[in-house]
Amino acid sequence: MMWKYIRRYLPYAILAAAFMVGEVSMDLIQPGIMSQIVDDGVLGLNTGGTGNLDLIWRLGLQMICLVLFGGLCGSLNNVFVHMSGQNIGNDMRKDCFRKIMTFSFPQIDRFGTGSLVTRMTNDITQVQNFISQFVRGMIRTTVLTFGSIYCMFRLSRVFGYVVLCVFPLIILVMAVCMKKSSSLFTKLQTQLDTVNSIMQEDVAGIRVIKACVRELYEKLRFGKANNELIQTQLRVLIIFAFMNPIVNALMYLAVAAILLVGNITVRAGGATPGNVMAAITYTTQLLNGLLMLVMLFQNITRGIASWKRVRVLLDSTPELADGEQAGETALRGSVEFQDVSFAYPDGQTVLEHIDLKLEPGETLALMGETGCGKTSLVSLIPRFYDVTGGAVLVDGVNVKEYRQTALRDKIAVALQKSELFSASVAENIAWGDPEAGEAAIRAAATVAQADSFIAQMPEGYQTLVAERGMSLSGGQKQRVSIARAVVKNAEILIFDDSTSALDLKTEADLYAALREANPHSTKIIVAQRIASARQADRIAVLENGHIIACGPHEELLASCPTYQAIYQSQMGEEDDHHE
Ligand SMILES: Nc1ncnc2c1ncn2[C@@H]1O[C@H](COP(=O)(O)OP(=O)(O)O)[C@@H](O)[C@H]1O
Ligand SMILES: [Mg+2]
């Protein structure tokens, strides 16, 4: 799976690896030259004890060239490592974004926005680091480790044996630490999720927090989550803090051993002082390589933990299987619920045995107390959620048989919670139909009773809306959302409680304008007020997940006790309106 991403940038990775080998080779050649400078140039071991300044110059120059070449290789390695790492991360982020866009509502519910954001930001960064470190560090350490050991064997077999004895001990210490920390890394990411979720919720809802004077409470809640995160982070750091000195001690033990056996071998004529020096340099290089490996393993463990989380996102399949139906249907605007039952994935049954049929052009008002399932019922029509029993038919075809885009093209929804984007008012309305021209946008706004207040804004339709529509009042936001639904000119219009913040007069004007402008579209209006429901052709009353009555205003007023009760409670309002 990750290979799929790496493969695209494989040439970069291979170049990076090649330059890395170049860099390490220079590191490996140097101690050998150093040894020659000491033995032949300074001590003159082969020339009876007279040094050779010429040779020192020549070898010294050679060494400088090698250092420069090694440095150049290192820089180029870095360039290509980042080119592959950044590109891979970028591709992953794009794929994640695309995947999230295909998510069904239940999938979004399940992940939660905070977690989705963490996965797309922090987790992918970790994976990116992991890949960069892997290409850089893994090759460096491997070549350095085996190269050093090989070179030491070439210097003298005893030096080789000394390192080989210490090496497994070091690996053991590191393995223990890795094992102890790997579960902590997974925990770390989950805790980061929590911190991000709280942060996101609190920043988005900062106005509510201030209004309710909950700053202290939220500060504590955030602080607690943050502390837990830091605790875990500290535990990881402590593990590695103890590991470093142990590894160091083991390595210097090896250095001491080399000095000891070096002393004996040199005296026995098996090695030269330069050899001993070179052996010590190799040992310290090896140590640095291994310590780098530790850093690397931290990144790798963390990267793998993150990769698993990104993978869950990338691997999730779109839950709503697309149907085949894409073409025109014979009917336009009919909606039918056939014995529909519905429950949220983790919840209890919300709707049961719903039977309801709307003819094209009909207006249905949906009433019932909050939480009775009105939003859930209308969510089934555009297939935001799938029914758990029965079927929903749009234009005589089961919604599951439509291509989602084809189905949703037929339907315009003004959601209960109006969401606006940071763009101009005109753009926000045109969201409903990107092809809508200025005239169409204006016409839709006029129907939504928004034209007059938009015209009064400093820049009219070009006025920028603040993030989430914060610069507009609740009622203004609702009207812009309604305009967005109206401009779509769909055959089915769903208004989910979307006029709740309007005064009765504006609401009545809006519905009258809508009837006139879109006489042929089927309208489903979720309403709280009798005043907005009574103009509908039929009113359905929802109670305990069942439709207990459905008919015109007069009929329900005569026969449905629940409707009568709602009517009684709203009498005053009605009268105000008629005056
Ligand atoms: N995304 C969701 N996941 C789980 N349960 C939900 C979700 N949305 C709503 N519910 C539950 O379903 C029930 C009906 O909610 P809803 O349809 O929004 O009611 P209404 O729109 O009539 O006020 C409520 O009890 C609510 O708690
Ligand atoms: Mg609702």
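This is a predicted model: local features need pLDDT of at least 70, side-chain atom pairs count only at pLDDT 80 or more; totals for chains, interfaces and linings use all residues.

**Stop 1: the hairpin and its sheet**

Select residues 335–343 for strand 1 and 349–358 for strand 2; six bridges join them, and they run antiparallel. Strands here are DSSP runs of E with at least two residues, helices are runs of H or I with at least four, and both are numbered from the N terminus. Two strands count as paired if DSSP finds at least two bridges between them. Five residues lie between strand 1 and strand 2, and the two form a hairpin. Now pick Val335, which stands opposite Leu358 in strand 2.

Zoom out to see an open sheet of four strands, in the order 2-1-4-5, with antiparallel pairing. Strand 2 and strand 5 (397–398) are at its edges with a single partner strand each, so one side of each has no neighbour in the sheet.

**Stop 2**

Next comes an open sheet of six strands with mixed pairing, ordered 6-7-8-3-9-10. Its edge strands, each pairing on one side only, are strand 6 (411–414) and strand 10 (546–551). On average, neighbouring strands of this sheet are turned by 15 degrees against each other, direction ignored.

Select residues 363–367 and 522–526: strand 3 and strand 8 pair there in the parallel sense over four bridges. Click Leu366 and look across to strand 8, where its bridge partner is Val526.

Helix 15 packs on the sheet and touches strand 6 and strand 7 (492–496); its direction makes about 180 degrees with that of strand 6. Such angles run from 0 to 180 degrees between N-to-C directions, with axes fitted to C-alpha atoms, for helices over the stretch in contact. Helix 19 (residues 561–569) packs on the sheet as well, touching strand 3, strand 9 (538–543) and strand 10, and its direction makes about 100 degrees with that of strand 9.

Stay with strand 9 and strand 10: they run antiparallel, joined by five bridges. Val541 has Ala549 as its bridge partner in strand 10. These two strands form a hairpin with two residues between them, and Asn544 in the turn has a positive phi of about 50 degrees.

**Stop 2: the cores**

Which residues have the most contacts inside the largest nonpolar core? They are Leu366, Ile381, Ile429 and Ala483, in a core of 69 residues. A nonpolar core is a set of buried Ala, Val, Leu, Ile, Met, Phe, Trp, Tyr and Cys residues joined through C-beta atoms within 7 Å. Buried means 20 or more other C-beta atoms within 10 Å of a residue's own, exposed means 12 or fewer, and partly exposed lies in between, with C-beta atoms placed from the backbone. Helix 15 (residues 474–487) gives the most to this core, with six residues.

Select Ile429 and, leaving out residues up to four places away in sequence, you'll find that it touches Ile441, Ala444, Ala445, Val480, Ala483, Arg484 and Val487. Touching means that the two C-beta atoms, placed from the backbone, lie within 7 Å. Apart from this core lies another, of 47 residues, among them Cys151, Met251, Ala278 and Leu296.

**Stop 3: ligand 1**

Select ligand 1 and its surroundings, including Asp109, Tyr344, Lys374, Thr375 and Ser376. A residue belongs here if its C-beta atom, placed from the backbone, lies within 6 Å of the ligand. Helix 10 (residues 374–379) gives the most to this shell, with three residues.

**Stop 4: single residues**

In helix 9 (residues 273–315), click Asn299. Is Asn299 buried, exposed or partly exposed? It counts as partly exposed, because it has 19 C-beta neighbours inside 10 Å. Its C-alpha atom is separated by 9.1 Å from that of Ile131, 168 residues apart along the chain.

Move on to Thr317, in the loop between helix 9 and strand 1. Thr317 is exposed, because 9 other C-beta atoms lie within 10 Å.

Finish at Gln449, in the loop between helix 13 (438–447) and helix 14 (451–456). Gln449 has phi near 60 degrees, a positive value in a residue other than glycine. With 25 other C-beta atoms within 10 Å, Gln449 is buried.

Terms used: Residues are numbered from 1 along each chain as its sequence is written. Chains are lettered from A and ligands numbered from 1 in the order in which they are written.
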